[in-house]
Structures are given as C-alpha cells and as structure tokens.
Amino acid sequence: MSRSPSPPASSLNSSGTSEVCSVDGDEATVYAPSSIGNVAVGYDVLGCIADVAGDRVTVRRIDEPTVRIAGIEGTVTDLPTALEQNTATAGLLRMIDDLGLDFGFEVYLQKGIPLGSGMGGSAASAVGSAVAANALLDDPLSIDRVFAYALIGEAVASGAIHPDNVAPCLYGGVVLTRSVDPPDVIHLPVPETVRCVLVHPDRTVATRDARARLPERLPYDDIVQQTAHIAAFVAGCYRGDVDLIGRSLRDFIVEPYRAELVPGFSSVKRAAIQAGALGCSLSGAGPACFAWARAGDADDVRTAMLDAFGDQDVPAEAWVVKTQTPGARLV
Ligand code: HSE
C-alpha cells in the first residue's frame, strides 16, 4: 500500500467496506470512537459505532523491537502497565513478533472513554494502537489483519475474544462479525433515518463480571427466538424496513441475566419504548444503555431515558448519533 498524508485510518467508503492508511514520519495518532456491543440482538457478534467519545492513541516508532508505554492520561489513568495486560500494547507485542520487526513502538494513550461504561473503551484503545502502529509499518497490513491484532488487545480486558466493539470501532457503521479467524466482518446498511440514543449513567460494570453472570447453558427456546430475531434484523437492514428492525431489536439470552446490574434499567427501557424507541437494551455489558429510534422520535427517547435514570437518582449523560459513521481514523 502506498503512503499518503493523514487521511482517515479506517473509514467507510461508498461500498461500506473500510481501508487502512499509512503516514509519513515515525509517529501516528489515531482517534478511536466509542461503540455499542451486542446491539441487543447479536451477543458478541453485532456492534454499532456511537461516536460520542473516543480514545486518542499516539504511537511512535522506536529502534528496539519492543513496546513501551510513554504515558496514560484522560478519563482513566490506573490501567495495567504490564504490556501483556494492557489493551493498547498486547496486540503490538504480537505484531512485532509475527512480522519479525526490527523496530518497536512507544505508546501514549489519552483515554476519552470511561472504563467499565459499556461504551467500548477497551476496544478503542486496542484499535487505536493497532491502527497507529500499522500506519508506521513499511508495508501496512490489510484492515482485516489489523482487526486480528486489535482483538488480541481487547481480549486482555475481558478475558475473552469478542469482536462486537472492536469491529465497529475499526470498520465503522453497524457490523456483524461472522468469524474472527479468518476475519469475516459484514457491514449492515441500517437506514439513514434511524438514530442511536446512548445513555451513560454514572456507574461502572466490569465486563468480566457481567460475562460471569451468564449461564453456561441456555434453554433451546431462547436460542431459537434469538436466531429468528438476528436473522430478521439483518433482513430488516437490507430491506430498509425500520418496523422490522424495531421488532427484531430484542435480547432473550443476555439482558435478562444482566439487567439488575444497572439500577433503574427496566424503567429506563420502558420509558424509551413509551417515547417511541424501536428497541432498547444494555450497551455491551452496561451500564450504558442504548435505544434506536426514528430520527423524529430520538430526542424524546433521549429525554425519557435521562428522566427515568433521574427518577432513580442516577445521574446520566446522553447523546443522539447516527449509526453510519466512520471508525478509527488518523488525526
Ligand atoms: N459482547 C460483550 C459482552 C461486550 O456483552 O460481554 C462487552 O462490552
């Protein structure tokens, strides 16, 4: 791939796929936005960009084939400094090893996404560093190979490889990951009229703990229902059928086991639906919650969800964003 000056590192193009770019010089900074995992209907496989906050990762090429952390600032500063346990560095160690690089990377991380928020903070750090390091390679890798290194970083945060935040953060838009090895990430054409409401209550939930709450086995009926809904959701996206998307935005297999981790979640969800939301659920492992709504209803949904948290004395902030926006990009 030829080198070009500071375009998006990873952006949706007209066909809904993404491209990775490189930089001149020995330093690259990437902005990696927040995202919503699961999107109710696709546990661990479906994700949506929700660019309301982001991490900035600056990576500098250094002479030794190793990784160094130059600093961590922002919303979270007490992240692990052991390179194998930090989401921004674990993937880079593997990249150096796999590619046999004779140089390494120094990483400076500016956290903009709160940790334990359910807004894809660990994925953003992992994606940001992988995209920035890739931009510094003599021969940058394809976006699918960058995806693999970002997943290694994300896995250290939750103890499991789940692509539902990494994929939208890297590729942008609403994406379904059929397979991580080999990568098979499908961009879903959600209608332009759909808006995403994201609400972040002032609470934290550790993804690792939220995953531990899930049962090892599920009732067959629930699996059948969920399968029908994810299939209908995808059909709704390709048909541009907003009603079908709304009927499909349901979670039978995860939300019931996690709802009580978020104080007031059931009333927040009820308020969202009453205000016209197409669907509402936890954002990833929570505590953030999201709803999708028609553009004309989105502000009412946002207000209703904020008020419902307020009624529980839970301070919260909320945003209305589009779903088809770019992922990580060079700045
Ligand atoms: N799919 C993951 C989970 C997302 O729900 O555990 C974590 O943000």
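## Crossing of α1 and α3

A crossing of two helices is called right-handed if the near helix is turned clockwise from the far one by less than a right angle. In this predicted model, the crossing of α1 and α3 is right-handed. Helix α1 spans residues 90–99 and helix α3 residues 143–158; their axes lie 7 Å apart and form an angle of about 135°. The two helices are therefore oblique to each other.

On the α1 side, the contact is made by A90, G91, R94, M95, D98 and L99, which meet R145, Y149, I152, G153 and V156 of α3. Sorted by class, this contact comprises 6 nonpolar, 2 polar and 3 charged residues.

## Packing of α9 against α10

Helix α9 (residues 265–274) packs on helix α10 (residues 298–311) at an angle of about 155°, with 8 Å between the axes. That angle makes α9 roughly antiparallel to α10. The crossing of this pair is right-handed.

From α9, the residues S267, V268, A271 and A272 meet V301, A304, M305, A308 and F309 in α10. The contact of α9 with α10 holds 8 nonpolar residues and 1 polar residue, with no charged ones.

## Largest pocket

The volume of the largest pocket is about 600 Å³. Its lining consists of 35 residues, and those nearest the centre are L115, G116, S122, A157 and T207. By class, the lining of this pocket has 12 nonpolar, 16 polar and 7 charged residues.

Helices α2 (121–135), α3 and α5 (207–212) each contribute at least two residues to the lining of the largest pocket.

Methods:
Residues numbered from 1 in each chain as written. Predicted model: local features only at pLDDT ≥ 70, side-chain atom pairs only at ≥ 80, totals over all residues. Heavy atoms only, no water. Axes fitted to C-alpha atoms, helices over the stretch in contact; angles between N-to-C directions. Helix = DSSP H or I, 4+ residues; strand = E, 2+ residues; numbered from the N terminus. Parallel < 35°, antiparallel > 145°, perpendicular 65-115°, else oblique. Contact = heavy atoms within 4.5 Å. Nonpolar A, V, L, I, M, F, W, Y, C, P; charged D, E, K, R; others polar. 1 Å grid on protein atoms, 1.4 Å probe; cavity = no way out; pocket = protein on both sides within 12 Å on 5 of 7 lines; lining within 4 Å. Points joined across faces, edges and corners; volume = space filled by probe spheres on them.
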